Amino acid sequence: MTALDGFHDHTYPPNLTTMMLTNDLITPDNVSKDLLKAIYDAAFIETAWDDDGDLKIKDELNCTVMISENQTRIMIFTVFEFEEGFSREQKLDLVNKINDEYAFVRASLTEYDTLLFDYSFYLKGGLTKKNLVLGTRFFQSIPLEAIHEHGKEMVA
């Protein structure tokens, strides 16, 4: 038996994993940090709370997951430091190259001179828990690939 047994096999006794990854919808009315943590925990994605009370996850990358103030979006992001010696123009060129090639995520140069990757899941109409997990894992696969392809010498 594997850790994923029971995800689709309805004869398997229900457990936290099968209950949490059902097709129940995440909506603006029910979204919460605790719900998101439970979903990620059930999907075997490591979770923790930071000192500010934000949800941190780690699968392929360390990411922060937040809920928009009006509860219409779940936002996921990760940040990388730049190596010394690169101009703002070079950093913006890297950001533009990444954004041209990787439409699923947004790359940006932050006010702190770091490289930010982010994505938002919109909750209007509902989002399945499974789609949140799959989308999160897909998001996490992109930053390192993009950095390796376009800026491995620029990013720490």
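**View 1. Thr 47 stands opposite Ile 57 of β3.** Welcome to this predicted model; we start with a pair of strands. Here β2 meets strand β3, residues 55-58, through four bridges, and the two run antiparallel.

**View 2. Six strands form an open sheet.** Follow the order β2-β3-β4-β5-β7-β6 and you will find antiparallel pairing. The edges belong to β2 (46-49) and β6 (106-109); each has a single partner strand, so one side of each is left without a neighbour in the sheet. On average, neighbouring strands are turned by 30 degrees against each other, direction ignored.

**View 3. Helix α2 packs on the sheet.** This helix, residues 33-42, touches β2, β3, β4 (62-67) and β5. Its direction makes about 155 degrees with that of β2.

**View 4. Helix α4 lies across β3, β4, β5 and β7.** Spanning residues 129-150, helix α4 runs at about 160 degrees to β7.

**View 5. The second largest pocket has a volume of about 210 Å³.** Two elements give two or more residues to its lining: β5 (73-81) and β7 (114-122). The most comes from β5, with four residues. Look for Arg 73, Met 75, Phe 77, Val 79, Arg 106, Leu 116, Asp 118 and Ser 120 around this pocket. By type, the lining divides into four nonpolar, one polar and three charged residues.

**View 6. Over residues 1-19, pLDDT stays under 50.** For this stretch the model has 16 contacts beyond four places in sequence. The protein averages a pLDDT of 87, and 85% of the residues score at least 70.

Definitions and conventions. Residues are numbered from 1 along each chain as its sequence is written. This is a predicted model: local features need pLDDT of at least 70, side-chain atom pairs count only at pLDDT 80 or more; totals for chains, interfaces and linings use all residues. Side-chain values use heavy atoms; hydrogens and water are left out. pLDDT is the predictor's confidence in each residue, from 0 to 100. Contact means heavy atoms within 4.5 Å. On a 1 Å grid over the protein atoms alone, a cavity is a set of points where a 1.4 Å probe fits but cannot get out, and a pocket is an open set with protein on both sides within 12 Å along at least five of seven lines; lining residues have an atom within 4 Å of a point. Grid points are joined across faces, edges and corners, and a volume is the space filled by probe spheres set on the points. Ala, Val, Leu, Ile, Met, Phe, Trp, Tyr, Cys and Pro count as nonpolar, Asp, Glu, Lys and Arg as charged, and the others, Gly among them, as polar. Two strands pair if DSSP finds at least two bridges between them. Axes are lines fitted to C-alpha atoms, for helices over the stretch in contact, and angles run from 0 to 180 degrees between N-to-C directions.
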